[in-house]
Amino acid sequence: MNTPNSGHQVLVIHGPNLNMLGLREPGIYGSTRLDEIDAQLKALGRQWGITVHCFQSNHEGAIVDRIQSAATIMGGLIINPAAYTHTSIAIRDALLLLPIPIIEVHLSNIHKREPFRRHSFVSDVATGQIVGLGVNGYYLALRAIADIIGATAST
Ligand code: DQA
């Protein structure tokens with residue numbers, strides 16, 4: 001029988017304006033609030049023996065600080081850098097510090113929106129990218145990390 005391994009830790013980072021999910025352009029980003037996404041990620045994590053830590057910031061430096069602090073303790077990272085995806089070399093450089101799987105998530109399909117959203121400074125340093133699947137993208141990203149780090153289901 002599989003038993004949960006509480007040693008697995010995954011960090012989820014949400015970038016600027018994602019604290020407004022539910023209110024923010026619901027036609028593009030959906031009606032689910034960020035606290036609902038985080039609660040669901042934590043619940044899924046518990047099923048797979050993963051402790052999920054969630055962090056949101058509207059500030060680039062705060063996101064860099066959080067990535068740096070993850071380097072030694074986290075087994076995986078899910079990041080939606082939001083608008084910083086398209087601008088932040090600082091976040092990209094911080095991600096290069098992490099020897100762990102990194103999944104880049106975007107609720108919307110950034111490749112079929114405005115041209116300035118098509119380029120990501122993160123995608124070539126991430127393990128994988130999930131776009132355009134709404135909140136399911138986060139849950140699929142956690143499933144992918146669970147598989148990569150060998151987390152086992154508790155049921
Ligand atoms: C986003 C896409 C970005 O272009 C945008 O700036 C966001 C959200 C997404 O999840 O679809 O804030 O990352």
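**Close-up views of the ligand site and salt bridges**

The shell of residues around the ligand comprises 5 nonpolar, 4 polar and 2 charged members (nonpolar: Ala, Val, Leu, Ile, Met, Phe, Trp, Tyr, Cys and Pro; charged: Asp, Glu, Lys and Arg; polar: the others, Gly among them). The model is predicted, so that local features need pLDDT of at least 70 and side-chain atom pairs count only at pLDDT 80 or more, while totals for chains, interfaces and linings use all residues. Residues are numbered from 1 along each chain as its sequence is written, and side-chain values use heavy atoms, with hydrogens and water left out.

**View 1. Residues surrounding the ligand.** Arg24, Tyr29, Asn80, Ala82, Ala83, His86, His106, Leu107, Ser108, Ile110 and Arg117 surround the ligand (each with a heavy atom within 4 Å of it). The ligand sits in the largest cavity. A cavity is a set of points, on a 1 Å grid over the protein atoms alone, where a 1.4 Å probe fits but cannot get out; a molecule sits in it if more than half of its atoms lie within 2 Å of its grid points.

View 2. The side chain of Ser108 places a polar atom 2.6 Å from a ligand oxygen, and an N or O atom in the side chain of Asn80 is 2.8 Å from an oxygen atom of the ligand. At Ala83, a polar backbone atom is 3.2 Å from a ligand oxygen. A polar contact is a pair of N or O atoms within 3.5 Å. Of the 320 Å² of accessible area that the ligand has on its own, the protein covers 99% (Shrake-Rupley method, 1.4 Å probe).

**View 3. Salt bridges of Glu114.** Glu114 forms a salt bridge with Arg117, with the closest N and O atoms 2.7 Å apart, and its side chain also meets that of Arg113 in a salt bridge at 3.8 Å, N to O. A salt bridge is a side-chain nitrogen of Lys or Arg within 4 Å of a carboxyl oxygen of Asp or Glu. Arg117 counts as buried because its relative accessibility is 16%, and Arg113 likewise counts as buried at 17%. Glu114, at 30%, counts as partly exposed. Buried means under 20% relative accessible area, exposed over 50%, and partly exposed in between (1.4 Å probe, protein chains only).

**View 4. The network of Arg33, Asp35 and Glu36.** Salt bridges link Arg33, Asp35 and Glu36 in a network. Within this group, the side chains of Arg33 and Glu36 meet at 3.8 Å, N to O. Arg33 counts as partly exposed because its relative accessibility is 42%, and Glu36 counts as partly exposed at 36%. The structure holds 6 salt bridges.

How values were computed. Polar contact = N/O pair within 3.5 Å; in protein donor to acceptor, adjacent residues only side chain to side chain. 1 Å grid on protein atoms, 1.4 Å probe; cavity = no way out; pocket = protein on both sides within 12 Å on 5 of 7 lines; lining within 4 Å.
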